[in-house]
Amino acid sequence: TVLSFFSLYALNYPSFFRGKQVMEVGSGCGPLGVVLASIACSKKIILSDRIDSVLQNIRFNLDHNEISKNSKTEVEVIHYDWTKSPPISPVEIIVATDVVYDISAAESLPSSFSSLLLPHGTLFLVSPSNRE
């Protein structure tokens with residue numbers, strides 16, 4: 001899966017993430033954040049979603065993997081809905097995989113990413129072609 005690819009990429013190329021602030025938009029259960037925090041290469045990891053129960057699941061998975069005790073990386077879990085959330089401080093890397101479930105909501109993605117990403121930052125955006 002795409003998520004496995006990014007996790008393996010982080011494990012094989014930690015220097016790409018080293019010292020940078022990374023935001024995952026639509027983190028799901030947070031496995032990429034767990035991997036990044038486990039290898040402690042990023043300065044800060046922001047895991048986000050717009051659904052409260054998903055955010056609770058992310059926090060559970062971080063706790064279950066003892067990220068707060070074992071990682072030197074700052075990890076933040078936030079509610080973020082790119083169609084209406086206020087802007088947050090920009091980051092150097094954004095990862096968004098399989099985040100578009102409602103095509104009408106996709107219209108606000110470019111402006112949201114533009115405000116979230118620092119100049120010369122990197123955006124990884126992957127979406128399956130079978131979404132309608």
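Is His120 buried or exposed? His120 is exposed, with a relative accessible area of 85%. Here exposed means over 50% relative accessible area, buried under 20%, and partly exposed in between, with a 1.4 Å probe and protein chains only.

The model is predicted: local features need pLDDT of at least 70, side-chain atom pairs count only at pLDDT 80 or more, and totals for chains, interfaces and linings use all residues. Residues are numbered from 1 along each chain as its sequence is written, and side-chain values use heavy atoms, with hydrogens and water left out.

Start with the sheet. Five strands form an open sheet in the order β3-β2-β1-β4-β5. The pairing is parallel. Strands (E, at least two residues) and helices (H or I, at least four) are DSSP runs, numbered from the N terminus. Two strands pair if DSSP finds at least two bridges between them. β3 (74–79) and β5 (117–126) stand at the edges, each with a single partner strand, so one side of each is left without a neighbour in the sheet. From one strand to the next, the twist averages 20°.

Look now at β1 (residues 21–24). Three parallel bridges pair β1 with β4. Glu24 has Val95 of β4 as its bridge partner. Helix α3 packs on the sheet and touches β1, β2, β3 and β4. Contact means heavy atoms within 4.5 Å. The direction of α3 makes about 170° with that of β2. Axes are lines fitted to C-alpha atoms, for helices over the stretch in contact, and angles run from 0 to 180 degrees between N-to-C directions. Helix α6 (residues 109–116) lies across β1, β4 and β5, at about 135° to β5.

The largest nonpolar core has 21 residues. Such a core is a set of buried Ala, Val, Leu, Ile, Met, Phe, Trp, Tyr and Cys residues joined through side-chain atoms within 4.5 Å. Phe17, Leu36, Ile58, Leu62, Ile93 and Val95 have the most contacts inside it. At least two residues each come from α1 (2–12), α3 (31–38), β2 (44–49), α4 (52–64) and β4 (91–97). α3 gives the largest share, five residues. Another core, of 14 residues, lies apart from it; Ile46, Tyr80, Trp82 and Leu116 are among them.

Two backbone details remain. Glu66 has a positive phi of about 55° although it is not a glycine. Glu66 sits in the loop between α4 and α5 (67–70). At 36% relative accessibility, Glu66 is partly exposed. His120 also has a positive phi, near 70°, and is not a glycine. His120 belongs to strand β5.
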